[in-house]
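This report goes through one chain, from its overall make-up down to single residues. The sequence and structure come first.

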Amino acid sequence: MAPRRLASTAHARQPSTEGSPLPRAWQIASSLHADGSLSVVRQDDEASNSGLLDLVPTLGSASGPGMHTPVLGGDQARMPPPILGKQRPRKISRSDAPWTRARARDSLSDASTEASNASVIVHEEPAEKPPAIVVPPTDDAAPSTLPARLRRWMHDAMKQHMYETAIFWGQQVVALEPTELAYNDAYWLAQAYFYTHQYARAEHLLTTPLRCGAVPLDTSAPGATPVGTQGDALQAALEATRANSALPPAIQARRARAGTYTSVTDAAGGAPSEAPPDDGPRRLSRRRKRSPSLTDPFHVSGPACLPIDTEFSRVVVPRDTEAHGPCLVNWSSPCRYLAAQCLVRLGRFHEALELTGEDHTRWTGRASAKTPALDGGLKLSSSVCHLRGQIHLRLEEPWKAKEAFMLALALDVKNYDSFSALLDGCLLGEDELWDFVQSLEYAAQAGSDADAHADLAYVRLMYTARLPKRAQAHAAQAAAARQRLVEQHAALRMNAEVLLSLAEALYQAMRYEDAHAVTSHLLALDPGAMLALPVHIACMHYLPRLHPALFLLAHRLTETHPDSCEAWYAVGTWYASAHRWSEARRYFSKASLLDPRFVPSWIAFGHSFALEGESDQAITAYSTAARKFPDSGLPRLFLGMEHLAQGNRSLAQLFLQSAEEELGHDPLCANERGVALFQSGRVDEAIDCFRAALDAAAETQQPAAAWSAVHLNLGLAYRRVQRDDEARACFLRVLDYDPACASAYIALGLCAHRRGDLADAIGWYHEGLGVDPRDPIGTELLSLALDARVAQGLPPALQHAVDDEDASVSMSLS
């Protein structure tokens, strides 16, 4: 079957009611219904700015007309006060009077409204009660029609997370509602489908004409074929013969009761033709059937039910006689957005992209990045742009996704999903992301409301605290924003975003102990803070004493969150800590499949090849990560390291220089750039890089032995420019950090060899070969030193001693 064409709906504009081909009952009404609720069928500027707010019909209640059911009761005395220490609120009755059945009967009348509106936490009432709010009685205090009552049941079921119940009653409301409220009812029914992951049903409801009920067939037309026999000529002929034949009434009555207990009847009187044999007196049942009461409201009295063929003809209606309503995606922006969400969940990305459209002005109207939301909420146009960015990510188009996310955040700075996609997905470089976030129209979107200005200033501080912190200037700005938040709002000391910002700053400074302490505190406050897990897991990897805890964490995450990429990333990290690279690689790959935008799993996947010695496969893995995350500097850094190991100096310098622009003063990047410059003969520049790496490493919490290779590289660079004293100091420092470093011993022998101290050089060479006997450079240098020592001859003092010994030996022989 050909798919439904949605191209026309993607560019549909709101039609006018004049000359509409739809029936008058289906023409679009004003934005307000008769009950005071906002209509979902709208595409004006207010709908584009407000999004999905205030679309629920206002159900009448005892609290007054036109009021929504609050989450907590309106009685201020029953609002939950702060709980101090270990105090617990105790449940008490609303008065000190004991409970009686009479009191229960008195309160039964308002139990349906008060119980649903009351707070779920009951506290002691204060000594002085606030004055009660007197609501004037109204005629529409309760829903007066069946659809209105069913609508209340549907929304109450959704509030109580009973979605199947909401779907059941929602279907009845859509079928029974004769007014424009059916549009809102269809929208909320589609929401219930969406909440229960029935995306195909929700999309079908929104993208097909809305049904308004069945129309019975006109069976009185001559020659009409019964509905149940369409397509079956033999059955149609039999039905026509039965309809036109003149059979005795008894036979016709018998055929009508075929298959029932009364089918065996007497032809004349209708009594049973054969009575059952009398086996004796029957035991009378003690139970007696109660005759239905005439006052029973559920007692059905009246004529017998219609034959099933007649009922089939009335219920099943041919398609050409069905009455259709409007297609909601053509008339409603919220319905079009929900339909696009359903298409994304169904994997029909191109259809969803066609439905959302490429031009965002169709959703924004006159709104722009400098226009505040009319109701202070989130703009629907911003949400649509974010959805378009998600579609482009699924279609492997990150450049288009970046533009969509930037547009979504620019239209509404409160769209945290777009901010998170740009930040966590590495779609923008650090400098570019900082410039973009700081240049957003916070003041313009706040409008003239002073409270809105304060709110968006708070949003700006929160975003600033979460931005990347590799550059020192950016780290200082993020720290200032974080500290200002805590000063203004003391409760944010335990906020997950503030703690995560502090942990990221400590991790970037390689202060793994402090970063782990912060992430542990964060996860204790909020065990579901998945954004903190990559930093937490990385710190546990770098701290060997925490490897057992990492094992337990990985097991717990796979049990509680088996579908999260962080869980399997933790498993792979534990295997990498145990140097089991093949197992680690398998779980890193699984994490990447669960979330293709999870950067740490791609980097770790390449590490598993590089640390195993598979340089070519490591380059392939890093290249894939660099293609997926073009604005991240880490894949380019590791690509440069692998090319440097393979001797590709030009490619290595290219990747390392590109990574240095993004990573800034990273000690690892500075060391690798120094190695590339040293091999290219630019020794002075290499010395500057090595010094910068040591300066950056001094601010970390890593042990000094972790940077012994940088001291060794700096000493070799000093020796190359014949600064032997400084080189000797560097080599001795390396031996202090790592006494088993054979390269340092051999480098000290080179310094002694250059000074002409062959005896000292031979001693250092022997020390180095004692650590690594198979070192080819040390073996060759030792051979050269020994040959030079032989050619040089013995020292004068030692030569006189040898001559005296020879003279004494000759005298004794004579």
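## Overall make-up

How many helices and strands does the secondary structure of the chain come to? The chain holds 40 helices and two strands, where helices (H or I, at least four residues) and strands (E, at least two) are DSSP runs, numbered from the N terminus. The model is predicted, so local features need pLDDT of at least 70 and side-chain atom pairs count only at pLDDT 80 or more, while totals for chains, interfaces and linings use all residues. Residues are numbered from 1 along each chain as its sequence is written, and side-chain values use heavy atoms, with hydrogens and water left out.

Of the 814 residues of the chain, 40% count as buried; buried means under 20% relative accessible area, exposed over 50% and partly exposed in between (1.4 Å probe, protein chains only). The accessible surface of the chain is about 46,400 Å², and 56% of this belongs to carbon and sulfur atoms. These areas come from the Shrake-Rupley method with a 1.4 Å probe; for residues, only the protein chains shown count as cover. Among contacts (heavy atoms within 4.5 Å) between residues at least 6 apart in sequence, 60% join residues at least 24 apart.

## Helix α21 and its cover

Helix α21 spans residues 450–466. Its 17 residues should span 24 Å at 1.5 Å a residue, and the end C-alpha atoms are 25 Å apart, which agrees; the expected span is 1.5 Å times one less than the number of residues. At the N-terminal end, D449 caps α21 with a side-chain oxygen 3.2 Å from the backbone nitrogen of D451. A polar contact is a pair of N or O atoms within 3.5 Å; within protein, one must be able to donate a hydrogen and the other to accept it, and residues adjacent in sequence count only if both atoms are side-chain atoms.

The buried residues of α21 are A452, L456, V459, L461, M462, Y463, T464, A465 and R466. Their cover includes α17 (398–411), α18 (416–424), α19 (430–438), α20 (442–446), α22 (472–488) and α23 (496–508). One of these covering helices, α19, contains E432, a residue that counts as partly exposed at 36% relative accessibility. E432 and D631 are 199 residues apart in sequence, yet their C-alpha atoms are 9.5 Å apart in space.

## Helix α31 and its cover

Helix α31 (residues 633–646) has 14 residues and reaches 20 Å from its first C-alpha to its last, close to the 20 Å expected at 1.5 Å a residue. Ten of the 14 residues are buried, and the helix is thus mostly covered. Just after α31, G647 takes a positive phi of about 90°.

## Aromatic pairs and charges over rings

The structure holds 18 aromatic pairs. Rings of Phe, Tyr and Trp (its six-membered ring) pair if their centres lie within 6.5 Å; planes under 30 degrees apart count as stacked, over 60 as edge-to-face and the rest as tilted. Y512 and Y542 form a stacked pair, at 4.6 Å centre to centre with 10° between the planes. Y512 lies in helix α24 (residues 512–525) and Y542 in helix α25 (residues 533–542), so the pair ties together parts that are 30 residues apart in sequence. Y512 is buried, with a relative accessible area of 7%, whereas Y542 is partly exposed at 41%.

Y569 and F588 form a tilted pair, with 5.8 Å between the centres and 45° between the planes. This pair links distant parts of the chain, 19 residues apart: Y569 is in helix α27 (residues 565–577) and F588 in helix α28 (residues 581–594). Both Y569 and F588 are buried. One aromatic cluster is formed by F551, W568, W574, Y575 and Y587. The charged end of K590 sits over the ring of W568, 3.6 Å from its centre. R585 lies over the face of F609, at 4.3 Å from the ring centre. A charge sits over a ring if NZ of Lys or CZ of Arg is within 6 Å of the ring centre and within 35 degrees of the ring normal.

## The loop residue S564

Where is S564 placed? S564 is in the loop between α26 (547–560) and α27, and it counts as buried at 13% relative accessibility. Leaving aside neighbours within four places in sequence, S564 is in contact with M530 and L594. The side chain of S564 reaches the backbone oxygen of H561 at 3.0 Å. S564 and D595 are 31 residues apart along the chain, and their C-alpha atoms are separated by 8.0 Å.
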